[in-house]
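Good morning. I will go through one model today, part by part. Please look at the sequence and the structure first.

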Amino acid sequence: MKTSSGSPTNKKQVKSEGHPSGDDRFKALDRTMKRFNFEKDSLLEVLHDTQEIFGFLSDDLLIYISTHLRVPLSQVYGVATFYHFFTFEPLGKHNCIICRGTACHVKGSDVITQALSEEFAVPIGKTTEDGLFSLTTARCIGSCGLAPVAVLNGAVHGKQTPQSMITLVKDVLEQETEVLEQGEAG
Amino acid sequence: MTLEKLERMAQRERQRQEKFERRIFCCISTACLSAGAGQTINALQEAVDACHCKENDVEVVQTGCMGLCSRGPLVRVEDKSAETLIYADVDVDLSQQIISKHVPMRKLTDESIPEEMQELRENLKKARRRKRLEKHILGMDSPFFAKQEKIVLRNVGHLDPEKIEDYLAHGGYSALRHVLQNMTAEEVCDEILRSGLRGRGGGGYPTGLKWKSMHQEESETKFVVVNGDEGDPGAYMDRTMMEDNPHQVLEGMIIAAYAVGASYGYFYIRGEYPIAVDRIRRAIRTAHRNGILGKNVLGTDFNFDAAVRIGAGAFVCGEETALIHSVEGKRGMPRMRPPYPSTSGLWGKPTIVNNVETMANVPPIINRGADWYANIGTEQSKGTKVFALAGQLTNTGLIEVPMGISLREIVYDIGDDVPGDAEFKAAQTGGPSGGCIPHEHLDTPVDYENLSKLGSIMGSGGLVIIDSTTSMPEFARFFMDFCVDESCGKCVPCRVGTIQIRILLDKIIAGSGEPEDLNKLEDLCHIVKDTSLCGLGQSAPNPVLSTLKFFLDEYIALIPAQEPA
Amino acid sequence: MSGVSFNEAILELPMVTLTIDGKKIEAPANTHVLQVALKNGIEIPHLCYHPELSVSGGCRLCIVEVEGYSQPVPSCGLACTDGLVITTQGERLYELRKNVLDLFISDHPLDCVICEKAGACLLQEYAYEYGIKETTYTPTISSTLYQDDNPFFIRDHQYCILCGRCVRMCDEIVGVHAIDFAKRGFETNIATPYDGPMIESTCVFCGNCVQVCPTAALMPVSRKDKGREWELDHKTTICGYCGVGCQLEYALKGDEILYAQASPDGPVNGELLCTKGRYGWDFVLSPERLTRPLIRRDLAYELGLTSEPWEQPDTSPLADRQPKIEDYFIPVDWEMALDLVASRLAATVNEHDPDSVVGLASARCTNEENYLFQKFIRAGIGTNNVDHCARL
Amino acid sequence: MQAFGSGAMTNSIRGIRDADCILITGSNTAEAHPVIGYEVIRATKKGAHLIIIDPRRVPLVDHATLFLQPQPGTDIYVFLAMMHTIVKEGWADQVFIEERTEGFEDLAKVLDTYTPERAALISGVPSEQIVEAARLYALGVRSKGDSVYDDERGHSTILYAMGITQRSNGTDNVISLANLSMLCGQIGKPSTGVNPLRGQSNVQGACDVGCLVNVLPGYQRVNLDEPRRSVAKFWGLEDLPDKPGLTIVEATHAALEGDVRAMYIMGENPMMSDPNTQHVERSLRSLDFLVVQEIFPSDTAFLAHVILPAASSLEKEGTFTNTERRIQRLHAVLPAPGEAWPDWRITAEIASRFDQERETNREPGYWHFDSVADIFDELALVTPIYRGMNYARLEGQGLQWPCPEEDHPGTPILHVGRFSRGRGKFNPIEARDPAEQPDEEYPLILTTGRVLYHYHTGTMTRRSEPLHWREPHGFVEINPNDAEAIDLEDGFAVAIHSRRGQVRTRARITERVPPGTVFLAFHWREAPANVLTQDHTLDPVAKIPEYKVCAVRLENPRQNKK
């Protein structure tokens, strides 16, 4: 018999009763998995949503996903480590992404990255110890016409120089300390 | 039923648009947004409001890329009774001037003007007296625009990407309608074959052939995948199309599905493109609502549905077998071909993978005919190609040019030369898989054959101009770094070979190279090229090989002179 | 008892004819060139290909020239078609393979002089064949040493060439998917989740990954520091555990077993074994093995073999700690033991009847032994009271 | 077996990988027969449907497309309901039924009342799942990919093991599976059949060569004169006893009654493997004479008068017959330790001395064999299904019986074209419930089995260093619900009581077992599962004790202290 039967027949009821910790964010994760009907193939989408919900992928999250999608944990780990989009460490409160695309490179983006790294004492791809600032790079954010480009807290800044970027980041971080100081004063 | 409904929607939208005396388009694509288009469009709207003009006089429209991204934010003013103008570098102040120039201010009694508007009205009155507007006007006859020919991007920058009505009003989905009503699947394949359309993702395989072979596969389930994983750093053509005219891509995809007999499709979009993801998702939803997707597309017995899958930062996923693995939620590692995806792709079913730009070419071909399309371009390469023009040029941005145009025209006419004192050195095409083309080959016609003859490739359309300030060995190392990072690690030549190429480049650039290292470098590049599993590995050494070919003197200069024995 | 003989391994598949190195070869249509070549005794070097596993195509060594193709093609994934003309050797292929091997070697420690896999390592074999003494590139070892503390096998990443045989084995055949590729590019390694120890993964320690590993990245613990491949004898027999009847091959140095592996020609198991078959043989070396006939002390006293009287305790042998055998029994020679057994059995038959004797044969003894045993019970003692634990 | 006329795997292990649908019931294949488990996994990876019917969530369920989890002892209702559905929906193979079988009408009549709804009520398996399982199995449906077979109907195979046979209605279960396969024509073709997985290396061979109470070598019944006399003639005798003997469990009862006085045990450990250990111990102690031939001092050996040291399977020559009826050569890898002898040599010595004691006037060489090859040659002569075999032919790949002549290639698949008994017979079966039902005092059901890392009574594997490292302790699997009821935590001690005794072991709290069921492996002498199991209800035909269903109660020792 050459025909196949169509969809898999084991519509097993996968319980989605949330996480024992009672963390509400797991409910959002459950909704995502449910949306994909707990299909194994939705792993990448689920990882995307998980990172969006939790900010990064921790080991217990991967175990949670592995159990619910019935994908072997080693495979979940293998997939998550394959794609550079996924991060296993929490990002800083403020995040600066420097584009490393060809156009930006030609216009000196690596100099900007280096300058920021030195100025704020943070290794490239890492977060400052106080967790306030992360410096990361991206392959290309597709704004080549404005090279060199940086993304600071989601806002794209084109035609930057090392100095202009340092100023931008300083502004953001200064607001942070002001808030802190006000908090202490109050 | 659905057909009539769509026709009514298009009609209504056209009538609505025609009522306006003036329509002011503000580009809100990423480049312009980062240049401040957000404030610009707000300022435009406020200024229009302040003019308190008649109903149906002025509409401010958010739209997509107009091309000259380096001069953003861009604003185009279409006036029924005047010439269409494009303004560059439009900030808030300039917005007010533009409005005051084009929009007549209604005389009103003071009471009828809200207090907060008073100041703005005064500003607009003052702005009328200023004259510095002219230098922001981009002449439509300037070479940047005149040398271009827009097929794929024809409607980009002319419509609101979030409104299906706007697309319909511009003749959207008429190709699909035509196909479903008047053509068999086979005829569609033939039409595309006759048009000479070739895959715009880099390989340049005739799209019609691909469709035909898939059409002939016997399988209940087939898939269409649109490759929107534009991984080439320095390119953003696909992103622009997905963001600024998502329905055109979707329409191409549905036609492809009809032609090959697929019932389900995926858009595989880079994770770094959240807006594109959002726009495509929205387009799918509205298409669904209007009977363009789902069961019985446009009332026929053709069923097709589509979903979005998000990539996660892996260049290799541009390779179709890797992409298929990624859509299946696996590690994006390529596999050997054959079997080709058209025989065994997603979940082992026949699958066709086409790049975004290829899909966007389909509706115009259907609408205007294969013969018309085949007239554009060169003998082997038909139609137009969209390039992301970047690097050391005065004009950078998104351009669409007919195949066969010379590089010189692109660099000097459209790009308006290298700024400042520096001089043009090379044009890099095809991104990390491509190569550099030096000055002496600038008259080469841009098409698939000629570029590969020079050791480069057409690629997906990244075109980066390098000036004399850049060292070519270092530039080659930049690409090698990229390939080392992006190698999936499956096959040895790519996994280990790229590392060894980089080690050699490091050594040479550090000034500790020996003369034979250059031979070794070249040999190694050929080994990696000849023995790698997938396109990424096979083309990874191209940047090194092409710089070795054209800029060998720069490498030699880095090798310390040998002590005489 | 009827039944038509039928070999289900041979299904009627359409056959095609291709030419490999000038030799016309018939092959089933759905097979690959490498598979067919190897079956016909034509050697093509290969590292990632394994007949039991899906095709990977990552090692690039099995490239061949195909008539009509400008570039060499890996033969592992090349389907046999009618009229295909293949060349497996030649100067260009030799150079390309040599260069690929050179790249492999640049990422592999040249420890062959102290490596136990030496002599059975495929990479070593090919390096020798292609005359590679050392890499012409800068040696760069991709992964650091990682030792797992399980008593089954050693994992040593620095010897790993990422052929992926272990990953495919674990997923496609064993089905536990304990390991997978992690990271990518030069950083790629074979990993358990979070690179944890095997015991914390889903690993079932079947060791099939060890068997298919072409290098020393996965090695049995039991052979560590005990001998090199060419010093070993290999003896094939049948596994003594469950009823599947796997053929296995013990590698011995003298009378010492160093490791066990599946004998590739086994009609049932091929190259596969389970954890018991592969690692559970060391019980034969246990000091608890019975090595002399024993007579229980009370009976021995009765027979005058010992002067110490003894009474069998009431406590069950299943009580928490098993008693010591020498506390219950004394050793005797075979003559004494056999005569005693024969005379007691004969006496029982004489005093009662043959049906008062019961024989329990064993599902772990050979056909010959069981045959002889039931013959003894039936023809010797004269009863059908012979059973074994088939039901238990 | 009543249905086809023989009791062994009808098909070959290698064929499983090409099956389109696999039905596994009462077998923890991945742990008890891992290499067959690999075949199953291969098949599922290629797209075969895998249906598992088991009260326990065995590891292969991870690869199953359909998992039916009946209450222990109720699976017969599921089998009958599947057949009911197949007949009703017209999924039966009418051509096969007409051409190859008899008794279909009787079966159909009985099936009438066994609706999926009724089965669902009794077994707890949703009726849709039963219908789906029936459809997939009957039609040989794949979940994906193409079949290697061109037939209209896909090829479905059934694998089963002690989970359905070690029961008071074990024979009924097996007959039902045979009925099921004939109903759908899923027998006598590659990758189909009804396939019992034998648990020990030569259990098939021991049966083949006559170590059963009612048959002589080659399944020739002792109560049929013609074959019996012919065997007697081979052995140089007038006749042989014609009364079937006592089975192992019957023998222990007879011993207590004084009817059995001496026992000769070769390489078995009834103290651990037989049900109701306390009873077994009492009966072994009651014997006048017990001789045990062993490789290790087993718990049974401690009750013996004489222990004879034997060689292990690594230390001897001979043949084993595997579960797919394949006879293969065993080779000595090591010398036997000390004075240990191969079992055949010990038996031969005892036999010839026994003859002397009994003063039979048989020639002195009657029990003498120069080598195992000599024994095999005689065995082949006496055993019709082995007759065409000899050591030379068995080297390498071995041969699958029946192999009646020297040029016969062996038989990978039974019942091709016709059944051993001619037409396959449908035996109408009515469902019966397990003998021992849970009650208030013993509310849980105990089921026994194996774990991956150990084998049978553990005498060998527990002395293997790596295997011991991986699974050092015995444990009982308990569902979280049942554990919560007695406030039990994972890894802590728990006592299990049955009407026969109690054992203490560690709790492993897991959802592999459903609520109300506990699972205990019988490898650990510290927690001998068979102390709990019962021996009073045997299957009426096969005389197999009901290991798989017995009522128990759990106690948390720490809870009592509080």
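A helix here is a DSSP run of H or I with at least four residues, and helices are numbered from the N terminus. Before I use that, two remarks on the source. This is a predicted model, in which local features need pLDDT of at least 70 and side-chain atom pairs count only at pLDDT 80 or more, while totals for chains, interfaces and linings use all residues. Residues are numbered from 1 along each chain as its sequence is written, chains are lettered from A and ligands numbered from 1 in the order in which they are written, and side-chain values use heavy atoms, with hydrogens and water left out.

Now chain C. Just after helix 10 of chain C, G382(C) has a positive phi of about 95°. Helix 10 itself covers residues 367–381, which is 15 residues. From first C-alpha to last, helix 10 of chain C reaches 20 Å, close to the 21 Å expected at 1.5 Å a residue; the expected span is 1.5 Å times one less than the number of residues. Is this helix buried or exposed? Of the 15 residues in helix 10 of chain C, 15 are buried, where buried means under 20% relative accessible area, exposed over 50%, and partly exposed in between, with a 1.4 Å probe and protein chains only.

An automatic or database domain assignment gives chain C domain 1 (14–89), domain 2 (232–285), domain 3 (290–313 + 323–347) and domain 4 (352–392). The C-alpha centres of domain 2 and domain 4 of chain C are 29 Å apart.

Next, the interface. How many residues of chain D are in contact with chain C? There are 188, and they touch 139 residues of chain C, contact being heavy atoms within 4.5 Å. Between them, chain D and chain C bury about 14100 Å², with 63% of it on carbon and sulfur atoms. Buried area is the accessible area (1.4 Å probe) that two parts lose on being put together, summed over both. Y38(D), F302(D) and F354(D) supply 6% of the area that chain D buries against chain C, more than any other three residues.

The rule finds ten salt bridges across the interface of chain D and chain C, each a side-chain nitrogen of Lys or Arg within 4 Å of a carboxyl oxygen of Asp or Glu. E335(C) and R353(D) meet in a salt bridge through their side chains, at 3.0 Å, N to O. Helix 15 of chain D (residues 343–358) gives twelve residues, the largest share of the side of chain D that touches chain C.

Key: Helices (H or I, at least four residues) and strands (E, at least two) are DSSP runs, numbered from the N terminus.
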